[in-house]
Amino acid sequence: MSNVRLIPRLNDVGVTRCLDDLDQLDEEHSELMDLERRRSEYEAWIWCAASGGSLSPELVDEIRVQLIAIAGQHGFPTPASDRQKAGFDVAAAKWLASHQQMHSPEFLRDDTWAFLSCIVLQEIVVWRYSARQHGRFAGGVRNTFQRLWIRGRTLDLGEAAREERWHLLESLSEDAMVQIFERASIASHPQLARAIAQGWVDTAERIGRGRMEDIMRRATKLLRLRNQIVDLTFLSPENLREEVERVFARSSEGIAEREDRVGSGQKTTVASWISRAIRRPKNVAALSGQ
Amino acid sequence: MTATFALPFLTLPNEVVTLGPWIVGQAGAPLLPIKPMLDGWDYATDLELQSSLSIDMRAASEVLAIPEQELKLAVTLNVGTGRGRFPRTTKRISSYILDAEAEQLIEMRAIIPGNMLSGRVHARIEVLLAAAPASGSILSPNCVGSRLWSEEISVELEDGGENRFPIEVVSFTETFPNHGHMTAPWYLAWKPGGLAADFGGSIRLYVNSDHRELAQRVVDGDDVTLQAILGDVMVQMITAALDTNDSAEQLRECEEGSVGAQISAWMELAFPRRGLSEIQNMQRNLPGHFHAGIHAAAEVGDLE
């Protein structure tokens, strides 16, 4: 028997209805519906896997209680500063990634996160973003909690890393996270995602975080191209690290090191080795394939 | 070979790599030839996948222009799960090294615990260069990990089918009450701007079942009806992309499976070899040609 804890799911129509209601409440400056009202209002679009695990209302309750508590430590329900929101993101990602029952394929599903965001934790999403940011409620890479769960899961260096366990999660900027986790070809390979995260941390240490945005974009673009012709995940951890290092070095060519680091471990740059990949157009499946 | 772009080195054709049929089923039960959907799966069901692969190493050596004694290949089996063009998470299940001395037929077998799977199972068998050769031609692959041949399969599990064009037939009076489009025959739910987003996860086409005859034609796969609907979808999305600031840059950055990549593919289908600025000119100056060109490209028979 599977030990998967089944979580309710909210289908796309339910998400649409919920977002319509949120827009209307926002226009009218009305209060959000409470949890019970939300559950009953969208009941028709909530469903669960028919079999294969155990329904777990306890886990849903625990997620709500814990995430509201974490949000409370970062200012919820009063309006939060960017710093408080970033603090919430890190603390929530750690909690979500550490929970054993959340190491489950249920949490790879968009509709599971849509249920949690639209129904269970709607007030946290509104606090963290706003009622108008629909992508933060619907499931997907931008969902308020789904993005934190995958970041935490992927960047967790494990208990063996001791105080360094969350080093990558705590170090990366929001822009760097987006570059990694909104690129499916990177995010689906945890070892590649971690290597790129480490490359960002090392480069930011060398030249300063403030100059990393363009460099990260160039580096992820080059690495995605490189990964199309060479399976980077086939490389040994050392070779993958060197490969990523080379790409970050190339992407930051010409940028001076931070003053406090000049002369300390300067890295060499390499010549271009990327060949431009040419993609042929490919069509979507036929409409008739229903 | 499944690559949709040109690799900058010699690769292996299907004549050199022979992949046996995939069979799949519940672990321990008789396995059956693979189909796009597997019925009756849930998290409690472990899956077994089997296939075989053989490589004619002598022919591979000739094709890659690498001396046979220096040629070392790796056959990898990666299994992923989760929705989207790329699986949400991928894991290497096995890896075999082949050289001139090794047995050249590989039996591949993977048992995937049900509690690791979500929505679909995606398997990719790939032949990679396992060691840099000491010699070879200028076009020979020489980096470890170079992708030389690959094949992918995807099987929908549980509520399968989401990887096809996202479409749903619903009553608009029930689903979208009080909306301006309540009486529309169809409605494309998507937000322009997210060109990098996964195509399957970002758009959804709703067909209004209140228009019974239309809904029936869609269900029956009527070519003209589908062409009209898909043509409208393509026009909406292409137009929005063309109207985006720095559209060329944004579209260039979109990866396979994204909204932007799909829009680019549709533009190439409708206006072969035309540049973006040419298409924008046509949109502005010859809107009739622009729309009709897209609707012609929406002929369902032409789509994969």
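Visitor: At what angle do helix α12 and helix α13 of chain A pack?

Guide: Two packed helices are described by the angle between their axes and the distance between the axes. In this predicted model, α12 (residues 212–229) and α13 (residues 237–251) of chain A pack at about 130°, with their axes 9 Å apart. Helices are DSSP runs of H or I with at least four residues, and strands are E runs of at least two, numbered from the N terminus; axes are lines fitted to C-alpha atoms, for helices over the stretch in contact, and angles run from 0 to 180 degrees between N-to-C directions. The angle therefore makes α12(A) oblique to α13(A), given that under 35 degrees counts as roughly parallel, over 145 as roughly antiparallel, 65 to 115 as roughly perpendicular and the rest as oblique.

Visitor: Which residues of α12(A) and α13(A) meet?

Guide: Taking contact as heavy atoms within 4.5 Å, the residues of α12(A) include A:Met212, A:Ile215 and A:Leu222, and those of α13(A) include A:Val244, A:Val247 and A:Phe248. The residues of this contact divide into nine nonpolar, one polar and four charged.

Visitor: At what angle do α3 and α4 of chain A pack?

Guide: Helix α3 (residues 57–73) and helix α4 (residues 82–98) of chain A pack at about 150°, with axes 9 Å apart, which means that α3(A) is roughly antiparallel to α4(A). Among the residues making the contact are A:Ile63 and A:Leu67 of α3(A), with A:Phe88 and A:Trp95 of α4(A).

Visitor: Which peptide bond is cis, and where is its proline?

Guide: Most residues other than glycine have a negative phi, and most peptide bonds are trans. Here a cis bond joins A:Phe76 and A:Pro77, with omega about 10°, and A:Pro77 sits in the loop between α3 and α4 of chain A. In chain B, B:Asp246 has a positive phi of about 40° although it is not a glycine, and B:Asp246 lies in the loop between α5 (223–242) and α6 (247–253).

Visitor: How many salt bridges does the rule find across the interface of chain A and chain B?

Guide: The rule, a side-chain nitrogen of Lys or Arg within 4 Å of a carboxyl oxygen of Asp or Glu, finds five. A:Asp231 forms a salt bridge with B:Arg147, their closest N and O atoms being 3.8 Å apart. Across the two chains, 54 residues of chain A are in contact with 71 residues of chain B.

Visitor: How are the names and values set?

Guide: Residues are numbered from 1 along each chain as its sequence is written, and chains are lettered from A and ligands numbered from 1 in the order in which they are written. Local features need pLDDT of at least 70 and side-chain atom pairs count only at 80 or more, while totals for chains, interfaces and linings use all residues, and side-chain values use heavy atoms, leaving out hydrogens and water.

Note on methods: Nonpolar A, V, L, I, M, F, W, Y, C, P; charged D, E, K, R; others polar.
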